[in-house]
Amino acid sequence: MLQLPQFYKKCHDLFCQQTLGQFNAADIQLDIANLMKLIKAEKTNDIQSGAFLQKIQYKFDQYLWTEKVEYIDREDFPATDKQKIVDGLHKKNSVFGTYKKIFNIILPYILNVNQQENRPCKILEIAGGSGQLAFYLANKSKTHALSVDITSSDIVEHYVIESAKKANQSNSLVTFKQIDALSLIHLPKGEYDLILNLHSLHHFSAEQLAKIFYGSAAIVNKAFVAIDAYRGARNLLFIGGSALMQSIVTLNSMYAHDAWLSARKMYPQKLLEMIAKIACPNSHVNVTHPSIGLTALIIEP
């Protein structure tokens with residue numbers, strides 16, 4: 001219901017006609033801003049002139065979109081409480097096997113680097129929070145005798161410091177750095193084979209996503225791989241309901257607050273594909289539905 005694939009395809013076609021298919025790398029964020037304006041205008045037009053069921057569908061989707069900021073992204077929210085939310089997300093990822101799903105996606109790339117280039121696969125995680133994905137990948141790679149060099153990063157210094165402490169205590173070889181995901185273009189080209197992102201795409205505006213995608217494609221050797229929640233009515237209820245239960249158990253409403261806002265901000269698959277193709281016109285872009293409730297985006301430069 002909330003994917004609206006035909007609607008976004010129509011918007012993409014209209015956008016390409018207006019820009020004649022010429023995407024200037026220096027103006028990518030402006031291109032995406034114009035795309036989002038076009039989408040808003042077309043949705044308003046369809047609400048006014050479309051069939052009754054289409055009007056209801058589009059109005060509902062329009063109502064759900066929000067620009068409200070989650071606690072985890074607010075500068076005035078205590079770092080210790082942010083850490084609790086991140087730890088709660090880690091528990092969900094562990095229970096639902098999200099880490100394993102992203103490992104299965106990147107395994108062929110790791111094997112290619114190990115076997116064809118005879119060297120460790122260099123992996124960078126961006127917006128990594130407490131680095132639990134990086135820890136999982138390090139342990140999984142060790143179990144499968146894979147050679148990897150993993151760096152987890154986040155813009156929040158608290159996460160980086162605390163994760164580095166955990167790595168030191170557990171003798172993990174994961175490296176932690178403070179990196180702004182919006183400044184990837186400034187990293188050395190070819191330093192990383194894979195750039196990963198898990199459950200963070202919805203925390204960025206469409207213009208910011210374009211900047212992340214463009215920066216990743218410009219510096220990475222093999223692929224940028226991201227997984228986020230699937231935008232859909234059932235997933236909206238599941239995410240909100242499970243977080244509500246977590247808030248009741250912990251007597252803390254922050255889980256439900258952030259989960260509900262996040263669920264409303266998830267990107268439709270077609271829109272993610274459009275943003276990625278505009279930001280990285282010379283790259284191969286693939287958006288899939290790897291399992292119930294998840295969307296996977298892969299950009300190969």
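Modeller: A helix here is a DSSP run (H or I) of at least four residues, and helices are numbered from the N terminus. In this predicted model, leucine 53 sits in one of them, α3, which covers residues 52-64.

Biologist: What makes Phe52, Leu53 and Ile56 a patch?

Modeller: Nonpolar side chains count as joined within 5 Å, if each residue has over 30% relative accessible area and no salt bridge. Phe52, Leu53 and Ile56 form such a patch on the surface, and together they have about 360 Å² of accessible area.

Biologist: Now the cysteines. How many disulfides does the structure hold?

Modeller: It holds 0.

Biologist: How do you know that cysteine 11 is in no disulfide?

Modeller: The two sulfur atoms would have to be within 2.5 Å. For cysteine 11, the nearest cysteine sulfur, that of cysteine 16, is 11 Å away, so by that cut-off there is no disulfide. For cysteine 121, the nearest cysteine sulfur belongs to cysteine 280, 19 Å away, and cysteine 121 is in no disulfide either.

Biologist: Is cysteine 121 buried or exposed?

Modeller: Buried means under 20%. Cysteine 121 has a relative accessible area of 0%, so it counts as buried.

Biologist: Which residues have the most contacts inside the largest nonpolar core?

Modeller: They are Ile212, Phe213, Phe224, Ile275 and Ile299, in a core of 46 residues. Elements giving two or more residues to this core include α1 (5-19), α8 (206-219) and β5 (220-229). Apart from it lies another core of 29 residues, among them Ile110 and Leu194.

Technical notes: Residues numbered from 1 in each chain as written. Predicted model: local features only at pLDDT ≥ 70, side-chain atom pairs only at ≥ 80, totals over all residues. Heavy atoms only, no water. Buried < 20%, exposed > 50% of the residue type's maximum accessible area, 1.4 Å probe, protein only. Core = buried A, V, L, I, M, F, W, Y, C linked by side-chain atoms within 4.5 Å. Patch = residues over 30% accessible without salt bridge, like charges linked within 9 Å, V, L, I, M, F, W, Y side chains within 5 Å. Areas by Shrake-Rupley, 256 points an atom, 1.4 Å probe, with all protein chains shown as cover. Salt bridge = Lys/Arg side-chain N within 4 Å of Asp/Glu carboxyl O.
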